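Dear colleague,

I am handing over the structure below, together with notes on what was found in it. Please read the notes with the structure open beside them.

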Amino acid sequence: MIDLVQLRKEPDVVRAALGRRGVSPALVDELVTIDVEHRRLLQEAERLRAEIKSLSRQVGDARRAHDTQRAEELSAVSRELGEEEARAGADADAVADRLREIWLSLPNLPSPDAPDGVDEHDNVEVRRWWRGLEDGAGFPEFGPHQRVPHWDVGRELGILDLEAGAKLAGSMFPLFRGAGSRLIRALGAFALDRHADAYEEIRPPTFALTETMQSTGHLPKSVDDMYAIERDGLWAIPTAEVPLTSMHRGEILEESRLPVRMTALTPCFRREAGAAGRDTRGLLRVHEFDKVELFAYCTPDQAPAAHADILERAEGLLRELGLTYRLLDLCAGDLGTSSARTIDLEVYSPGVDRWLEVSSVSWFRDYQSRRANVRYRRADGTTALVHTVNGSALAWARIWAALVETYRQPDGSVELPAVLAPYLGGRTTITRPA
RNA sequence: GGAGGGAUGCCAGAGCGGACGAAUGGAACGGUCUUGAAAACCGUCGUGGGCUUGCUCACCGUGGGUUCGAAUCCCACUCCCUCCGCCA
């Protein structure tokens, strides 16, 4: 949620900032109006409430003094005020509901650093990396043996069985097998080990309460993108960001503990409603995938460094895996609801000849912590909302695709990077089954 | 799934219709004393909202209800503990 105090003080700044991402100024104005109205009604209800409390005390006094008549009189007055207060309270509640509805639905203010733009076409490419770049090598040339899409490679080598996945859960639920399954497991373990120096490893529940989903901003906005288990009031998490952001929900952290850094490997579920066709073949877009998330609660001062650290770690993994990738600075119009600034990492996958998003490293400022009510106590005793930052490092289904395409050999086998050897029982070659 | 017990401040724990935002103890912080420390003693010690910055409102697991008045009574729900059942 955005800061209502800021909205009151500088409505023009808020209107302009949200305008950069396409929010109608009328909606902002409505929130301003409703906020004023809400406070007016609240004052009225509270004034009545204070009077009732005072009268009730006097009733008690009269009773103790055995002045029954006076007690009855005061009770009668208070009872009448009570009815008035109930009406005033109901009015205030109704306006509060509307206020909260708009407030929850408004996205975060984009950072002034985020580039202007309306959609993904306006994102700014920051840089590219490929193996050998530091030694002066040009953008890699990919041979014909690498121009085979991963769904074909996977079928040839018996490591990806999309038909079996579809049979079990429907399309876009991939099933990995044999060396392919082991590769997914290896990637998750590899990443967790790399982050263990600074990030506490967490294995959170895969399902979350509505309240938990609201804290990150996934609800109510993206309700159609989520899988719901209605009978139990649960949602399948779309990313470990959801549970990690709520780990300290409603708590006040000591400043000395910050930054609190955590990492988690979880399945991620996305309904991808409306997505179909060319963009969704194979592993390009799936309903369930494994991902390692990096997350930090920090002070506003620590946030830039925390954001940079997550970005560096995500890039570091890609470099270790030798994959070609680029960084995109998301424009204001393409930012996720809750984010103020996001850098996307896209890996180049030669078989499908596409850049695939494998990480999104975001700084949310206090937008999520205001929803989740996560604060910290400064040395001087005052409290303030923490900032949250997070990013994938990395989303494995698409990495899996990029790996088998990039490292496909002319003989059809796949020779994976040596850095994965410890996680693959030493076997980095995947060959066609006999 | 069944039976019973519980949920109060940083922690422990009292309060079970009337000045209760809440006793008491511990922890923490500040001070006195001390060469220093400990002990002792004194003080501070929840969060948020509103507005006329001094007042006011809300919060005792959550949501309803009863009442002039609710931490306290009633209803529902959630979570925790004990026992039974089932089970990876």
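In this predicted model, E30 forms a salt bridge with R98, and their closest N and O atoms are 2.9 Å apart; a salt bridge here is a side-chain nitrogen of Lys or Arg within 4 Å of a carboxyl oxygen of Asp or Glu. The pair links distant parts of the chain, since E30 sits in helix α3 and R98 in helix α4 (residues 68-105), 68 residues apart. Helices (H or I, at least four residues) and strands (E, at least two) are DSSP runs, numbered from the N terminus. E30 counts as partly exposed because its relative accessibility is 29%, and R98 is partly exposed as well, with a relative accessible area of 31%. For these words, buried means under 20% relative accessible area, exposed over 50%, and partly exposed in between, with a 1.4 Å probe and protein chains only.

As to how the numbers were made, residues are numbered from 1 along each chain as its sequence is written, while chains are lettered from A and ligands numbered from 1 in the order in which they are written. Because the model is predicted, local features need pLDDT of at least 70 and side-chain atom pairs count only at pLDDT 80 or more, whereas totals for chains, interfaces and linings use all residues, and side-chain values use heavy atoms, with hydrogens and water left out.

By the salt-bridge rule, the count comes to 35. One of them joins R15 to D12, with the closest N and O atoms 2.8 Å apart; these residues are 3 apart in helix α2, and so are separated by about one helical turn. R15 is partly exposed, at a relative accessible area of 26%, while D12 counts as exposed at 53%.

Another joins E346 to R326, where the closest N and O atoms are 2.7 Å apart. This pair also links distant parts of the chain, with E346 in strand β10 (residues 341-349) and R326 in strand β9 (residues 325-329), 20 residues apart. Both ends count as buried, E346 at 11% relative accessibility and R326 at 16%. E346 and R326 also belong to a network of salt bridges that links them with E125 and R128.

Leaving aside residues up to four places away in sequence, R21 touches several others, including P107, P110, A332 and T337, where contact means heavy atoms within 4.5 Å.

Lastly, the axes of helix α5 (residues 150-157) and helix α12 (residues 396-406) come within 9 Å and cross at roughly 75°. The two helices are therefore roughly perpendicular to each other, a term used for angles of 65 to 115 degrees. H150, V153 and G154 of α5 make the contact with W400, A401, V404 and E405 of α12. In α12, 11 of the 11 residues are buried, so this helix is largely enclosed by the rest of the structure.

With best wishes

Terms used: Axes are lines fitted to C-alpha atoms, for helices over the stretch in contact, and angles run from 0 to 180 degrees between N-to-C directions. Angles under 35 degrees count as roughly parallel, over 145 as roughly antiparallel, 65 to 115 as roughly perpendicular and the rest as oblique.
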